Each structure stands twice: as C-alpha cells, then as structure tokens.
Amino acid sequence: MELYLDLRSQPCRSLFMFAKVNAIPFEFKLVDLAKGEQYGEEFGKISPIRKVPVMKDGDFVLTESVAILQYLAEKHASFLPDHWYPADLRQRARVNEYLSWQQMNLRAHGSKVFLLKCVCLCQNMYPLVMGHEVPEDKMSSAVEELTQAVDVLEKYFLGESLFLCGASISLADLVAMAEIMQPVSSGVDVFSERPKLSAWRERVKKEVGVALFDEVNAAIMTSGGVAQTLREGGLPQIFKDKFKKTFL
C-alpha cells in the first residue's frame, strides 16, 4: 500500500498517526505541497483531485482522508483494537458524527486562521497574493469562528468523557488533534484557559506515543522549511488563484 502524504497537511497527519500506531505497513510517498507537486503531471495520473492524502492499495485508489481512515479500519478490523472504529452501531455513529461535523467546522476555521496568521505573517503570502495586509476585521472574524468551533468540540463532543466519542480513543480524536494543531502552530493557542481540552490533548498524546506525536507535528510546528521553499520557487499560479478564491 502506498500513501501519498505531506505532513504539513492535517488529514495526512491523522492518517499517518493511525497507520503508524497500528503498525499498518505502507510506503510513504511525499507530495511536497510547498513545491506545488500536487499540481504536477505525475500526481495527476494518480489523483485528478490533486489533493493529499491519497491511498493506493494495489489498483484501488482513494482520495479522501476520512474514507481512507474508514477503509483501513475496516480492512484491518481483525487485528485492530475495536475502539478506533467501533463495531457497535451507536458507538460508530458517534465517530461518524464527529467526522462529518469537523469538515465544515474545526477543519474549515482552523485552516483559515492558519492561512491568515501563520502563512501570511511568517511567509508574507497574503500580501504577496492579495496586494495588501490582512484586514483586521477578517482576522478577528476568523479567530472568532475558530473559537466557536473549539467550544463545540470541547462542550459537545468531548463533554465529560475522556475522549471525543467515549472512554477510549477513536479515529475522531486523531482527526481532531491534527486539525487543532494547525492553528496552534500559527501561534493561536486554543488550549489556553481550557484545562479540559488540554487534558484531552495529553491523553491523546499518551495513547499514540509522545515520540510519534512530536514526529508527526514537527513539520507544521516549524515553518522555516516551507518559507525557504517558497522563496526559492515562488508560488504556483494555481495556488495563488485558489488562495484568492478563498479570501475574496
């Protein structure tokens, strides 16, 4: 099995953690997003969607991270601990509920804050593409939307449980942690003054292993490599066009 990844991508990180912690064998195929390799001819032959992650299991290709996680959990159900993607109908429904909610909420708002705050301030992308600094009201609105999403994560999905869907870690926790670390890497500490959420982070870290947790987040917690790549190669035009569509 081949996994096409860039660990600067949140969905790639959750998939990488799941495969690693469960000893699911795979070949890591780097698709360097900062170099625009997702728009290259070779990657286009594998996935016309041109996003990572992508899984290639023999001649079977999947291009959506949640679908890949579910596929791997079901394919390897005979040896995986059941808590990752429970067989019980209602417990699995809880995991699916979070995976459905997060796409347009924690993921969407966390990504927006990251693009505005980290990429713009560290790598000067917003002014480069848009021709002016990030408007203060746009930044404030993005942070507020993220705060509201984190409130739902903490109060509804986590609640009084140890993990998002109950007493044991699941796919939902890996996906949520990958997403929430994106704005954290830009300097927006969503764990500040949230002891319950901070305790959840430590439990997830313990379950996957501190070394793996640090490994998977290393690329996003240090932006220098991306900045250097952009200085040397510039931004692909297709990336600029997509960036403008996001923030106009």
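The structure holds 0 disulfides, a disulfide being a pair of cysteine sulfur atoms within 2.5 Å. Cys12 counts as buried at 0% relative accessibility, whereas Cys165, with a relative accessible area of 22%, is partly exposed; buried here means under 20% relative accessible area, exposed over 50%, and partly exposed in between, with a 1.4 Å probe and protein chains only. The model is predicted, so that local features need pLDDT of at least 70 and side-chain atom pairs count only at pLDDT 80 or more, while totals for chains, interfaces and linings use all residues. Residues are numbered from 1 along each chain as its sequence is written, and side-chain values use heavy atoms, with hydrogens and water left out.

Aromatic pairing was assigned to rings of Phe, Tyr and Trp (its six-membered ring) with centres within 6.5 Å, planes under 30 degrees apart counting as stacked, over 60 as edge-to-face and the rest as tilted. By this rule the count comes to 9 aromatic pairs. In one of them, the ring centres of Tyr4 and Phe43 are 6.2 Å apart and the planes stand at 55 degrees, so the pair is tilted. Because Tyr4 belongs to strand β1 (residues 2-5) and Phe43 to helix α2 (residues 41-46), the pair ties together parts that are 39 residues apart in sequence; helices (H or I, at least four residues) and strands (E, at least two) are DSSP runs numbered from the N terminus. Both Tyr4 and Phe43 are buried.

Tyr98 and Phe157 form an edge-to-face aromatic pair, with 5.1 Å from centre to centre and 85 degrees between the planes. Tyr98 lies in helix α4 (residues 89-102) and Phe157 in helix α7 (residues 136-158), so this pair ties together parts that are 59 residues apart in sequence. Tyr98 is buried, its relative accessible area being 0%, and Phe157 is likewise buried, at 7%. One aromatic cluster is formed by Tyr98, Trp101, Tyr156 and Phe157.

The largest nonpolar core has 62 residues, of which Phe18, Tyr98, Leu164, Ile180, Phe191 and Trp200 touch the most other members; such a core is a set of buried Ala, Val, Leu, Ile, Met, Phe, Trp, Tyr and Cys residues joined through side-chain atoms within 4.5 Å. Helix α8 (residues 171-185) gives the most to this core, with 9 residues. Apart from its neighbours within four places in sequence, Ile180 is in contact (heavy atoms within 4.5 Å) with Leu106, Val150, Leu153, Val190, Phe191 and Leu197.
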